[in-house]
Amino acid sequence: MPFRVLSINGGGMRGIYAASYLESMEHAFASRRGVDALDIGKAFDLIVGTSTGAIIGCGLAKGVRPSEMVKLYKNNGAKIFQKKLPNKFGFNFLKQLKTRPTYLEKGEEVLREALKKAFGDTTVKQIWDERQIALAVTAVKMSNYGPCVFKTPHNPDTTGRDNECTLVDICLASSAAPLFRSLAAIDHSAHGTNNVFTDGGLWANNPVIVAITEALRMLSDQKRDDETVEVFCLGSCGKPEGNIIDKSKLARGLLEWRFGGEAAQVSIAAQEYAYDFIAQELAKHFKRSVKIINFPAGTVHGDLLDYLDLDETREKGLNALISKAKDDADTTNSFIRNNAEYGPIIKDLFDSMPIQPIETQTEGEQV
């Protein structure tokens, strides 16, 4: 049996795409196998997520079905992102100079409550103890701008640093995107202090390098030297990025950079592509067999481009992302039927996925 890893990208509200994709894949294979539901999280030895991918990854690790994660986005998105980031100068921009912090605070309260309903008070350590699924979630610590990875205590030399952090805590930390969300504080009750975090997408929106590193370390620690590593990468329907800029307009100001919002998106898009390329190149040189499988996805069509902002919450946009996810799941199933590249590996993943009895599903059903 290969060592299986799931790596889930960030992307704000585009997380509804990733959740819908998994929901469609689960439905297809559950029907094929004649069962009600599959426990997707238990199919993986390690789940790694960034930002919105951390929310989905924690849900899977907890045993929450993808269909319930879709509801979390649909039911709470507009209350989490109460006002879109301004993209031009005007009354809305001037108003948000004063009011945006209030909107961010209210959005954080909504997200915290939604996550609490989905995950309860489950801690990072409880996930490992109860489900034996390793979990890694990225963030940035504001005190030193250092990259941070919250982890279950799956390695023998663990210090247990994150054991008492709740899934709610680490999801809020990983998804605290500058300008779009409030920063996140995690309290340390033992000594009355706290740490403040911002979005893990600033350094690992595509966490595939983190996934490979953690998988290799786990296998080395456990002396499992002959296992193949399969890293399944799930994106969040990122839009085709880039701008054609005239030489006469190189001095871009606040408006052109969307008051900083576009600069963050350039950073995220650039390292998403870079990390995928680096991971694919590195995998050729490991002594251990490491396969990187990007779940198949079709082209992003022009009529979807208006709905791919991180804070897009219009019902029409969310439904468009759900529809795109279902189309891409159909594409994946076509790969499987035709024995196309990685089709057999994806088929084996879902065919061997543990069954999740309806009566044992978690409180995630309540989101």
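## Largest pocket

The largest pocket of this predicted model has a volume of about 770 Å³. A pocket here is an open set of points on a 1 Å grid over the protein atoms alone, with protein on both sides within 12 Å along at least five of seven lines. Its volume is the space filled by probe spheres set on the points, which are joined across faces, edges and corners. The pocket is lined by 31 residues, and Asn9, Gly235, Ser236, Gly238 and Glu272 are the closest to its centre; a lining residue has an atom within 4 Å of a point.

Two or more lining residues come from each of helix H1 (15-33), strand E7 (229-234), helix H9 (261-283) and helix H10 (315-337). Helices (H or I, at least four residues) and strands (E, at least two) are DSSP runs numbered from the N terminus. H9 gives the most to this lining, with six residues. By class, the lining has 15 nonpolar, eight polar and eight charged residues, where Ala, Val, Leu, Ile, Met, Phe, Trp, Tyr, Cys and Pro count as nonpolar, Asp, Glu, Lys and Arg as charged, and the others, Gly among them, as polar.

## Basis of the values

Residues are numbered from 1 along each chain as its sequence is written, and side-chain values use heavy atoms, with hydrogens and water left out. Local features need pLDDT of at least 70 and side-chain atom pairs count only at pLDDT 80 or more, while totals for chains, interfaces and linings use all residues.

## Cavities

The whole structure has four cavities of 30 Å³ or more. A cavity is a set of grid points where a 1.4 Å probe fits but cannot get out. The largest cavity holds about 220 Å³ of space. Its lining has 20 residues, with Gly12, Met13, Thr52, Phe81 and Ser175 nearest the centre. Helix H2 (52-62) and helix H3 (66-80) each supply at least two of the lining residues, and H3 has the largest share, three residues. This lining divides into 11 nonpolar, seven polar and two charged residues.

The second largest cavity has a volume of about 60 Å³. Among the residues that line this cavity are Phe180, Asp199, Ile268 and Leu310. Helix H7 (201-204) and H9 each give two or more residues to the lining, which has seven nonpolar residues, one polar and one charged.

## Nonpolar cores

The largest nonpolar core has 80 residues, and those with the most contacts inside it include Tyr21, Phe150, Ile170 and Phe232. Such a core is a set of buried Ala, Val, Leu, Ile, Met, Phe, Trp, Tyr and Cys residues joined through side-chain atoms within 4.5 Å. H1 gives the most to this core, with 10 residues. Apart from this core lies another, of 23 residues, among them Val48, Val149, Ala204 and Met218.

Not counting residues up to four places away in sequence, Ile170 touches Cys58, Val124, Leu135, Val137, Phe150 and Cys165; contact means heavy atoms within 4.5 Å.

## Cysteines and Thr332

The structure holds zero disulfides, a disulfide being a pair of cysteine sulfur atoms within 2.5 Å. Cys165 is in none, and the nearest cysteine sulfur, that of Cys148, is 8.4 Å away. For Cys171, also in no disulfide, the nearest is that of Cys58, 3.6 Å away. Cys165 counts as buried because its relative accessibility is 8%, and Cys171 is buried at 0%. Buried means under 20% relative accessible area, exposed over 50%, and partly exposed in between (1.4 Å probe, protein chains only).

Thr332 sits in helix H10 and is buried, with a relative accessible area of 0%. Leaving aside neighbours within four places in sequence, Thr332 is in contact with Tyr21, Met25, Pro296 and Ile346.
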